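This briefing goes with the sequence and structure shown below. Please read the two together.

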Amino acid sequence: MKAIKYASIVCITCAILAGIAIPMVPQPQSWLEFPIIPGLEDKARNIFFHVPMAWSSVLGFLRALYYGFRYLRTKDFDYDIKSVSSAGLGTMFCILATVTGSLWAKFNWGSFWNWDPRETSIFILLLIYGAYFTLRSALGSDEVRARLSAVYSILAGLTAPFFIFIMPRVIGGLHPGAKGDTAGSTPVAQLHMPPNMRVVFIISIIGFSLLFVWLLDIRVRAARIEYQLSKKEI
Amino acid sequence: MNVMVSIWAVVSKDIRSELRTRYALNALLMFVVTSVATILFALREDEVSTDVLSGMFWVVIFFSAMSGLSRIFVSEEERGTAMTLQLVASPSEVYFGKLIFNCGLTLVLSSAVTVLYLVVFPAFIIKSAVVFLMTILLGSLGFASSATIIAAIIAKANTKGTLYPVLSFPILIPLLMTVMKSTTRALDGDSVTAALSDFQILVSYVMIMIAGSSLLFDYVWKD
């Protein structure tokens with residue numbers, strides 16, 4: 001876990017430094033210059049932070065779903081602890097991704113919110129996280145709470161393909177990979193980036209994923225202690 | 001064959017107990033009338049587009065469904081009959097029985113809303129009946145398929161009434177977006193081939209939700 005901690009610190013520091021400090025010039029000559037994208041200019045730097053945050057929030061949901069599934073199979077309470085910790089972290093990254101994306105949209109697309117398919121899907125991810133925690137708070141006993149919230153996360157996961165693959169195709173949108181965008185044909189949009197930007201982007205994705213793993217470990221350990229303490233009081 | 005008989009037994013038991021009190025049916029229909037009346041007050045004599053009308057149409061169905069469809073499991077828990085039902089029928093029989101009952105209830109609900117809309121909104125003219133019928137059928141099936149499993153989940157919770165729409169909405173959004181679009185198509189008079197992609201989405205949604213919830217229902221139902 002120590003190695004993951006230091007690796008995530010190094011990766012994210014690199015990504016922040018490189019993402020902010022590397023100048024953007026019209027004709028990039030060396031490795032340390034990004035090309036200017038017309039219409040985006042310095043606003044393009046958001047991709048190094050916004051996309052990894054959205055990535056981590058989806059990662060959080062998938063892990064919550066996976067551990068929920070494991071809980072239903074084994075009835076081992078430790079999986080429920082992992083599931084809820086992962087969902088909590090996912091919520092945090094989801095809010096961060098929504099805020100960074102929304103601010104960027106204000107300056108680039110003209111308004112904070114446009115109901116483009118990907119904006120809709122992150123809004124729904126927020127709603128699912130909200131519903132998940134509301135459900136948990138409404139259930140009394142530990143066992144029922146763990147079981148039903150695992151079922152709900154799997155049910156919510158079942159609708160994910162509609163948002164990832166179908167809605168962006170059917171409804172026109174502003175993100176890359178939407179209907180009518182000939183360049184991006186894969187669901188998560190192909191990366192049309194110069195190689196040096198791509199390196200920074202991938203380092204940032206790795207950094208945020210490792211940060212997620214590190215934070216999840218801390219939260220799981222804290223939740224385990226809390227659970228044991230609550231058992232002792234009874 | 002035995003399974004079919006027990007599923008039908010669950011359905012007929014629910015129909016009989018519903019007809020005795022008519023609680024869910026009355027609540028649903030009154031909800032429909034009040035919400036349509038509210039929309040009428042808001043719109044008055046405005047010229048409304050088909051987009052707005054089809055959106056309003058499904059908004060009414062969504063909220064009325066949310067007020068009535070949870071009864072199916074909540075009443076079992078309230079009357080303390082859930083245990084007995086667990087003894088006499090297997091989980092999948094209970095699930096499909098309740099699903100069929102909820103499908104019927106949603107169909108009644110959406111036909112009532114359709115009739116009301118046809119009467120009170122002059123702009124609500126169904127130009128392609130096949131598209132509209134398919135949308136209503138698949139939409140009701142989709143509503144019932146996800147509303148039934150959520151009803152089973154919230155029946156175990158403390159705050160049943162408010163929790164139901166909160167939990168159902170994120171899961172119903174793909175369905176709602178699609179049925180609103182294909183209802184607009186029906187009102188604009190598009191052909192069936194134009195609406196085919198919507199029907200494909202609806203059918204896959206219904207299949208995914210029914211398959212998923214019949215697998216997950218065991219974990220919700222058994223204490």
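This is a predicted model: local features need pLDDT of at least 70, side-chain atom pairs count only at pLDDT 80 or more; totals for chains, interfaces and linings use all residues.

Residues are numbered from 1 along each chain as its sequence is written, while chains are lettered from A and ligands numbered from 1 in the order in which they are written. The predictor assigns the complex an ipTM of 0.88 and a pTM of 0.87. For chain B the mean pLDDT is 89, with 100% of its residues at 70 or more; pLDDT is the predictor's confidence in each residue, from 0 to 100.

**Chain A**

- Chain A contains seven helices and two strands, where helices (H or I, at least four residues) and strands (E, at least two) are DSSP runs numbered from the N terminus.
- The order of elements in chain A, from the N terminus on, is α-β-β-α-α-α-α-α-α.
- Of the 234 residues in chain A, 36% are buried; a residue is buried if 20 or more other C-beta atoms lie within 10 Å of its own, exposed if 12 or fewer, and partly exposed in between, with C-beta atoms placed from the backbone.
- Among contacts in chain A between residues at least 6 apart in sequence, those joining residues at least 24 apart make up 68%; two residues are in contact if their C-beta atoms, placed from the backbone, lie within 7 Å.

**Chain B**

- Chain B has nine helices and zero strands, so its elements read α-α-α-α-α-α-α-α-α from the N terminus on.
- The radius of gyration of chain B is 18 Å, close to the 17 Å that the globule rule gives for 223 residues, so chain B is as compact as a globular protein of that length.
- That radius is taken over C-alpha atoms, and the globule rule is 2.2 Å times the number of residues to the power 0.38.
- Along the principal axes, the C-alpha atoms of chain B fill a box of roughly 55 × 35 × 30 Å.
- In chain B, 44% of the 223 residues are buried.
- Of the contacts in chain B with a separation of 6 or more, 87% are between residues 24 or more positions apart.

**Contact between the chains**

- The contact takes 25 residues from chain A and 24 residues from chain B.
- On the side of chain A that touches chain B, the elements giving two or more residues are α4, α5 and α6 (160-170) of chain A.
- The most comes from α5(A), with nine residues.
- By class, this side of chain A has 21 nonpolar, three polar and one charged residues; Ala, Val, Leu, Ile, Met, Phe, Trp, Tyr, Cys and Pro count as nonpolar, Asp, Glu, Lys and Arg as charged, and the others, Gly among them, as polar.

**Helix α5 of chain A**

- Helix α5 (residues 142-158) of chain A has 17 residues and should span 24 Å at 1.5 Å a residue, which agrees with the 25 Å between its end C-alpha atoms.
- The expected span of a helix is 1.5 Å times one less than its number of residues.
- Buried residues in α5(A) include A:Leu148, A:Val151 and A:Tyr152.
- The cover over the buried residues of α5(A) includes α2 (47-74), α3 (77-108) and α4 (117-138) of chain A, together with α7 (129-154), α8 (160-188) and α9 (196-221) of chain B.

**Nonpolar core**

- The largest nonpolar core has 118 residues, and A:Leu135 and B:Ile153 have the most contacts inside it.
- A nonpolar core is a set of buried Ala, Val, Leu, Ile, Met, Phe, Trp, Tyr and Cys residues joined through C-beta atoms within 7 Å.
- With 13 residues, α7(B) gives the most to this core.
- Leaving out residues up to four places away in sequence, B:Ile153 touches A:Leu148, A:Val151, A:Tyr152, B:Leu167 and B:Val220.

- A:Leu211 is found in helix α7 (residues 195-233) of chain A and is buried, with 21 other C-beta atoms within 10 Å.
- Not counting residues up to four places away in sequence, A:Leu211 touches A:Ser8 and A:Ile12.
- Most residues other than glycine have a negative phi.
- A:Lys75, in the loop between α2 and α3 of chain A, has a positive phi near 60° and counts as exposed, with 12 C-beta neighbours inside 10 Å.
- A:Trp115, in the loop between α3 and α4 of chain A, has a positive phi near 55° and is exposed, with 11 other C-beta atoms within 10 Å.
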